[in-house]
Structure formats: C-alpha cells, structure tokens
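Student: Please show me the model, and let us go through the terms used to describe it.

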Amino acid sequence: MSAGRPTKYSEEMLTRSVEYINTYQEQGDAIPSAAGLAGFLGVSKRVLYDWAERHSKFLHMLETLNSVQERRLLSSGLTSEFNSTIVKLVLSKHGYSDKIEQDVTVHDYKVIPAELTTLHEESDD
C-alpha cells in the first residue's frame with residue numbers, strides 16, 4: 001500500500017507532454033525544459049522524474065525533450081541567437097565540456113600524471 005497522494009500520471013499527461021515539446025516556443029520558452037514541462041502540466045520537476053522512473057514511455061518522452069533541447073542549443077549557439085555563456089552552461093548538462101586534455105611525452109614515453117601524497121614520519125613518542 002503506497003503512502004501519499006495518488007499520482008496524476010495518465011496517458012493524457014504523456015500526450016500533453018508531447019504537445020509541450022512541439023509547442024514550447026508558443027508557451028514562451030526559448031528551449032524545451034523539464035521546468036517548462038512541469039509548469040505546463042502543473043506539477044513539480046520532481047514529479048516528472050518520479051514518473052520517468054515508473055513509466056518507460058514517459059522516460060522516453062523526457063529523453064526526447066532533452067534531445068530537442070540539445071539540438072536547439074547547438075543550433076542557436078552556433079548562429080549566435082543565444083548567449084554563448086548560457087548555451088555553454090546548459091550544454092554542460094548534456095555532457096559537453098571545454099576541458100582540454102593533454103598527453104605529455106618525454107623521449108617517446110608517455111607521462112602519466114600521478115597523485116601526490118604526503119608522507120608523514122612517525123615519531124618515537
């Protein structure tokens with residue numbers, strides 16, 4: 001027996017979620033987002049993630065929303081329609097990074113960074 005209020009989830013919520021993805025700009029959102037979807041449906045973001053854990057169709061819809069968001073950010077960032085700093089920030093949530101990784105080679109040997117540790121001498125107290 002579950003505690004708490006009954007869920008609002010239904011096929012209608014899934015249908016309305018897809019509607020949001022298709023009309024997010026008409027809803028006043030520059031990009032589709034979980035926050036925008038939650039407002040559109042009248043639930044919290046936490047409820048969206050709970051539904052995604054319990055309903056595979058809803059999870060697929062959220063993944064689609066994230067893909068549409070990523071594509072919109074990339075396109076609008078490349079054309080300078082959106083502020084590059086904001087695009088960079090939001091794309092980091094999609095796994096993008098501007099981190100530079102470098103390999104160092106000395107005399108044909110690749111140098112692997114090592115962790116530095118401090119050695120403490122034990123006292124004879």
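Tutor: Start with a pair of helices: α4 passes α5 in a left-handed crossing, meaning that the near helix is turned anticlockwise from the far one by less than a right angle (clockwise would be right-handed). This is a predicted model, where local features need pLDDT of at least 70, side-chain atom pairs count only at pLDDT 80 or more, and totals for chains, interfaces and linings use all residues. Residues are numbered from 1 along each chain as its sequence is written, and side-chain values use heavy atoms, leaving out hydrogens and water.

Student: Which residues make the contact between α4 and α5?

Tutor: Gln69, Glu70, Leu73, Leu74 and Gly77 of α4 meet Val87, Val90 and Leu91 of α5, where contact means heavy atoms within 4.5 Å.

Student: Why are α4 and α5 called roughly antiparallel?

Tutor: Helix α4 (residues 56-78) and helix α5 (residues 84-92) pack at an angle of about 155°. Angles over 145 degrees count as roughly antiparallel, under 35 as roughly parallel, 65 to 115 as roughly perpendicular and the rest as oblique. The two helices are therefore roughly antiparallel to each other.

Student: Why does Arg72 count as buried?

Tutor: Buried means under 20% relative accessible area, exposed over 50%, and partly exposed in between (1.4 Å probe, protein chains only). Arg72, in helix α4, has 17% relative accessibility and so counts as buried. Its side chain reaches the backbone oxygen of Ala30 at 3.2 Å.

Student: What makes Ser80 exposed?

Tutor: Ser80 lies in the loop between α4 and α5. Its relative accessibility is 61%, so Ser80 counts as exposed.

Conventions:
Axes are lines fitted to C-alpha atoms, for helices over the stretch in contact, and angles run from 0 to 180 degrees between N-to-C directions. Helices (H or I, at least four residues) and strands (E, at least two) are DSSP runs, numbered from the N terminus. A polar contact is a pair of N or O atoms within 3.5 Å; within protein, one must be able to donate a hydrogen and the other to accept it, and residues adjacent in sequence count only if both atoms are side-chain atoms.
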